[in-house]
Amino acid sequence: MDLYYKSTRNSDLRVTASKAILTGLSPDGGLFVPESVPALGVSLSGLKGMSYQETAYTVMKQFLTDFTEEELKECIAKAYDEKFDTESIAPLAKVDNTYYLELFHGATIAFKDMALSILPHLLTVSAKKNEVKNDIVILTATSGDTGKAAMAGFADVAGTRIIVFYPKDGVSKVQELQMTTQKGGNVDVVAIRGNFDNAQSGVKAMFEDKELAEELAGKGYQFSSANSINIGRLVPQVAYYVYAYGMLMENGEIEEGEKVNVVVPTGNFGNILAAFYAKEMGIPIGRLVCASNENKVLFDFFKTGVYDKNREFVLTSSPSMDILISSNLERLIYVIAGEDSDRTAGLMDALKQCGKYEISDDMHRKLKNITGGYATENQTAEEIKRVYEKTGYVIDTHTAVASYVCRQTCGNEEKCIIASTASPYKFVKSVMTAIDGSYADKDEFALLETLRDVSKTEMPQAIKDILEAEVIHRTECGAEEMKETVKNILGI
Ligand SMILES: *Cc1c(COP(=O)(O)O)cnc(C)c1O
């Protein structure tokens, strides 16, 4: 049976999976959601011993029904290969009776790789299916992590180009080097003289520029986006929760059917939404715990039913979670609104107009299995130190937020999976300083070696690469010159 996608702001819209991937955002501004979340299609015991690739296929074929078996398997094979530094792709580390699901073994050592390594392939297959002849040009504005993961994913994928814009003085040294050393004939990165908002606005303006779209079409190009609201990013993320459950059974940690909680360090609400879908598919997940840093808009929402982004924005040591508008939450709102798209659109409009909305008691009750928690900066640092001193295992700042929240909200008897979203090497300064305050004034690059010695782990290839690789990209432009720069790059 074919599964179609509808918009959270228009339940009457009906598109295929490939069309939803190609379009990204629905024309009414809503997000695409499956008409119903499909069942897993195999018994729980059938998950035991499956490889990551097999699990990904089992999950994704239920969601992407207009892809053939061959197409889907090829996408999976191209995505989850030697780019990952472990055959397991997403290993589960048992530490202190908690399971850390390590999602950072890909090219850029953060969990964005789990989806961005497959999205380019899903996108090119989708283009073919919908008879799009143009090359797809991905435009992305980044505050650091997404840009590199997207570049790594799209590098040398036939039929695509990718252009990333980042604020010249707004990313860390490691992040900048990761981007400016990226190889690939179809990859460009541009530093703009401005901040992230300028970059984001510039990209948005280009997406909305009809004249530019025509010029592009004349040259055989069309724009698309690798944004985290694309279902081509969401669906692949469901796979690792299913995989984790299979591994727990395989390793004898749980009985078949036994419930486990899942705790997710959350920003844009994509990762935790994937866990929600895994649960809807039939994975016995007990509670879903949404962990926030000091930007705890989601914690307050789950507690009170009021979403209010009118508050101070805090820069924290877990920057990928410094978000006040969690775009993917709209998909959950739609579910608890009884799939009423008018009601969802009304709430989202209130968010746009006033920065705030309140759900009904009835909707709030439906959230009973999802709870929120948060960690302050001190609690996050203390958690890194605590876990290290007790077990020798070193976690990054984002993972530490979830780890702290897990201890606060889950009982001792409950089994919990913590989504571990970044390698500690990526946030080495904060991590090492948490372990020992005297590292605070040490050089970031020197600390990489200290971390290696302290954690007794191998230095990831992604880190070795930036220490050795040559800077390839040096393009820079003013915030108002982005369009000209894109035209130059594409030769139009
Ligand atoms: C993006 C990111 C998150 C937040 O994930 P969402 O899907 O946006 O909630 C958490 N940790 C790291 C390291 C990330 O890069």
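The model is predicted. Two packed helices are described by the angle between their axes and the distance between the axes.

**Helices H3 and H5**

- Helix H3 spans residues 69–79 and helix H5 spans residues 119–129; their axes come within 9 Å and cross at roughly 150 degrees.
- Angles over 145 degrees count as roughly antiparallel, and H3 and H5 are therefore roughly antiparallel to each other.
- The crossing of H3 and H5 is right-handed.
- From H3, the residues in contact are Glu71, Leu72, Cys75, Lys78 and Ala79, and they meet His121, Leu122, Val125 and Lys129 of H5.
- Sorted by class, this contact of H3 with H5 has five nonpolar, one polar and three charged residues.

**Helices H6 and H7**

- The axes of helix H6 (residues 145–154) and helix H7 (residues 173–180) cross at roughly 25 degrees and come within 9 Å.
- Angles under 35 degrees count as roughly parallel, so H6 and H7 are roughly parallel to each other.
- H6 passes H7 in a left-handed crossing.
- On the H6 side the contact is made by Asp145, Gly147, Lys148 and Met151, and on the H7 side by Gln175, Gln178 and Met179.
- The classes in the contact of H6 with H7 are two nonpolar, three polar and two charged residues.

**Helices H13 and H14**

- Helix H13 (residues 329–336) packs with helix H14 (residues 341–354) at an angle of about 135 degrees, and the axes are 9 Å apart.
- H13 and H14 are therefore oblique to each other.
- In passing H14, H13 makes a right-handed crossing.
- Glu330, Ile333 and Tyr334 are the H13 residues that meet Ser341, Thr344, Leu347 and Met348 in H14.
- By class, four nonpolar, two polar and one charged residues make up the contact of H13 with H14.

**Ligand surroundings**

- Lys112 takes part through its side chain, where an N or O atom is 2.6 Å from an oxygen atom of the ligand.
- Gly267 takes part through its backbone, with a polar atom 2.8 Å from an oxygen atom of the ligand.
- For Asn271, a backbone N or O atom lies 2.9 Å from an oxygen atom of the ligand.

**Leu92**

- Leu92 is placed in strand S4, which covers residues 92–95.
- Leaving aside neighbours within four places in sequence, Leu92 is in contact with Tyr99, Tyr100, Leu101, Ala244, Met247 and Leu248.
- Leu92 and Asp169 are 77 residues apart along the chain, and their C-alpha atoms are separated by 36 Å.

**Val132**

- Val132 lies in the loop between H5 and strand S6 (135–141).
- Not counting residues up to four places away in sequence, Val132 touches Leu22, Ala127 and Gln222.
- Val132 and Thr8 are 25 Å apart in space, C-alpha to C-alpha, and 124 residues apart in sequence.

Technical notes
Residues numbered from 1 in each chain as written. Predicted model: local features only at pLDDT ≥ 70, side-chain atom pairs only at ≥ 80, totals over all residues. Heavy atoms only, no water. Axes fitted to C-alpha atoms, helices over the stretch in contact; angles between N-to-C directions. Helix = DSSP H or I, 4+ residues; strand = E, 2+ residues; numbered from the N terminus. Parallel < 35°, antiparallel > 145°, perpendicular 65-115°, else oblique. Left-handed = near helix turned anticlockwise from the far one by under 90°. Contact = heavy atoms within 4.5 Å. Nonpolar A, V, L, I, M, F, W, Y, C, P; charged D, E, K, R; others polar. Polar contact = N/O pair within 3.5 Å; in protein donor to acceptor, adjacent residues only side chain to side chain.
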